Amino acid sequence: MNSSSTTVSSGKGRGSRLTRVSVPILGLFWLVVTTLPFIFVVMTSLKSRQETFTSPVWELPKKLNFENYIAVLHGGFWVYLRNSVFVLVLSIVLILLISSMAAYAFARLRFRLNKPLFGLVVAGMIVPIHITLIPIYLLTKNIGLYDTPFALIGPYVATALPISIFILTEFMRQIPKELEEAAKLDGCGAFGVFWKVFLPLSGPGLSTVAIYNGIGLWNEFIFAYLLTSSPANRTLPLAIWDFQGQYTANIPAILSVVTLTSLPLIIAYAFGQERIVKGMMAGALKG
Amino acid sequence: MTFEDAQLTAVPHAERFASLKAAMPIVVFLVPAVLFLVVFLLYPLISSFQLSLLDWNGLGTGERFVGLDNWVRLAQDKLFWGALRNNLALAFFSVLFQIPIALLLAVVLDEASKGSRILKILYFLPLLMSSVALGVVFKNIYDPNFGPINAFLSAVHLDALVHDWLGDPRLALGSVIVVICWQNIPFYMVLFLAGLSSFPSELGEAARLDGASESTIFWRIKLPFLQGTVRTAITLAIVGSMRYFDLIFIMTDGGPEGSSELMATYMFRTVFSSFQLGYGSTVASAMFLIVILVAAITMRLTRRYETEV
């Protein structure tokens, strides 16, 4: 997506004088608008609490003050991180497995309800999750999963399935029929074809689904807020929420929690911008 | 696909029921997905409408069937209609600000060959942030006493513009909308960039040779070329606004005095603060119906626009 846009645009460099002047100005202006809040967060998180009250916000920290970070890292941060990783890994594995199985059925198996059922699943994309909150809250309490990381798995997987099945079905429809036939001649049944042919060939589709859902679930707030209550069972976005109550009026401490919780995704982004951007746009570009 | 369908209907009955063994893989492949979707999406949807007919605080067995009483109450509930109005305002300003700015930035990045990659990478950062992180950051930025906005305004002697951005009922909703736009603009920008990347450059070259100015090329050639993408963006922005929750809940919690309340935050408060589980479900169900209705209207209207152009 991007590589083609840069090669194409290289031929358009010569515009009128107005574009030559306005393009860099607008580009830099939005750069400032985007990055200022981030600079504010990192700078303030390195100040002492006293400094935030006495010196202007745009003044650099007098000395780099890491005590807030140390306090946060000693104050339960790792538990939130562990819960986030656990919930994310389990959810993504289930999403990939379940949606690729369903996608294979919709893309390749013949049955009477194929089309209507697929339509129904895809329609699930427009259900606002907020309508499911009350029943899922009651259900979670009734089955005894309330305030455990497992409470999040069901809602996370279910809300991710419609779009994931949609993306993977589109993807699997492109896989050449000949490969399937060849596997069948080798004696593979439907399960063999799925496991040996479709799953390995769906790599790019699976990675898109994993990135799209992974980022959404990593940052998910409302289910996590509603279905868990104790810090021992909560995920990273809730760390900010909980610390906010704990560190009232200690702005640097709160902003160092924000920095620490945002860091994992920003590090991942540093290593794979193209794939992450492409993955996050999957919903809009395909739907 | 159509070919397969033709085959599908052509299969005679006897053959279709020839062996249950053939149906086995279909069932096995679909059961996990269907199970999750039924338990965590379809059942809650139906259950929400059922609960909307109850008067219940959510605790114990005190529920009472009240028929459509909750729906009658909803129709007269000024707070709910106020929340819906705020949702519509959010949709309106999202489309008004996010799409033109995103379009402008996309054109800018598409024009600037050098350094546009690093700009695109940095522009995208807000989308990686969780809503809690952003909400907490901007609460501090808007802080009337210690926030950088008011500090800056005082420093340049514009004290008349110093406000309690989130605490003033006239400003709270607008202040949060600014943050929502700030976060979402790069999303639409990337969407438009993807659209522009398939723009045939000969088209622009030809127009330029004919003496067309850059702005003519944009308005007459590029914008019509992107109309499908713009339509998608408008639909996403409107539907997203109707079901919006996160930053309002985190930054203002619908306040002050309900001035920034949205349907979703109102539902949440009704259930989990006032413990009116039945009525909260009515609000949730109404919100669902409104979202579907608005989505249908938006798609119909944007499609009409397409045929006119």
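Predicted model: local features only at pLDDT ≥ 70, side-chain atom pairs only at ≥ 80, totals over all residues.
Me: What is the radius of gyration of chain B?

Reply: The radius is taken over C-alpha atoms, and the globule rule is 2.2 Å times the number of residues to the power 0.38. For 309 residues that rule gives 19 Å; chain B is well over this, so chain B is more spread out than a compact globule. The C-alpha trace spans about 70 × 60 × 35 Å along its principal axes. The radius of gyration of chain B is 25 Å.

Me: What radius of gyration does chain A have?

Reply: Chain A holds 15 helices and zero strands. Its C-alpha trace spans about 75 × 65 × 35 Å along the principal axes. A compact globule of 287 residues would be near 19 Å, but chain A has 24 Å.

Me: What percentage of the residues in chain B is buried?

Reply: A residue is buried if 20 or more other C-beta atoms, placed from the backbone, lie within 10 Å of its own, exposed if 12 or fewer, and partly exposed in between. In chain A, 41% of the 287 residues count as buried. For the 309 residues of chain B, the buried part is 44%.

Me: Which helix of chain B gives the most to the side that touches chain A?

Reply: Two residues are in contact if their C-beta atoms, placed from the backbone, lie within 7 Å. The contact takes 75 residues from chain B and 81 from chain A. On the chain B side, 55 are nonpolar (Ala, Val, Leu, Ile, Met, Phe, Trp, Tyr, Cys and Pro), six are charged (Asp, Glu, Lys and Arg) and 14 are polar (the others, Gly among them). With 17 residues, the helix that gives the most is H3 (residues 20-51) of chain B.

Me: What percentage of the contacts in chain A with a separation of 6 or more joins residues 24 or more positions apart?

Reply: Take chain B to begin with. Among its contacts between residues at least 6 apart in sequence, 68% join residues at least 24 apart. For chain A the value is 76%.

Me: Which helix gives the largest share of the side of domain 1 of chain A that touches domain 2 of chain A?

Reply: Domain bounds come from an automatic or database domain assignment, which gives domain 1 (2-67) and domain 2 (72-286) in chain A. The contact takes nine residues from domain 1 of chain A and eight from domain 2 of chain A. Helices H2 (17-45) and H3 (49-54) of chain A each give two or more residues to the domain 1 side. The largest share, four residues, comes from H2(A).

Me: How are helix H5 and helix H13 of chain A oriented, roughly parallel or roughly antiparallel?

Reply: Axes are lines fitted to C-alpha atoms, for helices over the stretch in contact, with angles from 0 to 180 degrees between N-to-C directions. The axes of H5 (residues 77-108) and H13 (residues 236-246) of chain A come within 8 Å and cross at roughly 150°. Angles under 35 degrees count as roughly parallel, over 145 as roughly antiparallel, 65 to 115 as roughly perpendicular and the rest as oblique. H5(A) and H13(A) are therefore roughly antiparallel.

Me: Which residues of H13(A) make the contact with H5(A)?

Reply: By class, this contact has six nonpolar, one polar and no charged residues. H5(A) brings A:Phe77, A:Tyr80, A:Leu81 and A:Ser84. H13(A) brings A:Leu236, A:Leu238 and A:Ala239.

Me: Which residues does A:Pro37 contact, leaving aside its neighbours within four places in sequence?

Reply: A:Pro37 is found in helix H2 of chain A. It is partly exposed, because 19 other C-beta atoms lie within 10 Å. Its contacts are B:Val137 and B:Ile141.

Me: Where is B:Glu257 found?

Reply: Phi of B:Glu257 is near 55°, a positive value in a residue other than glycine. Most residues other than glycine have a negative phi. B:Glu257 is exposed, with 9 other C-beta atoms within 10 Å. It is found in the loop between helix H13 (246-251) and helix H14 (263-272) of chain B.

Note on methods
Residues numbered from 1 in each chain as written. Chains lettered and ligands numbered in written order.
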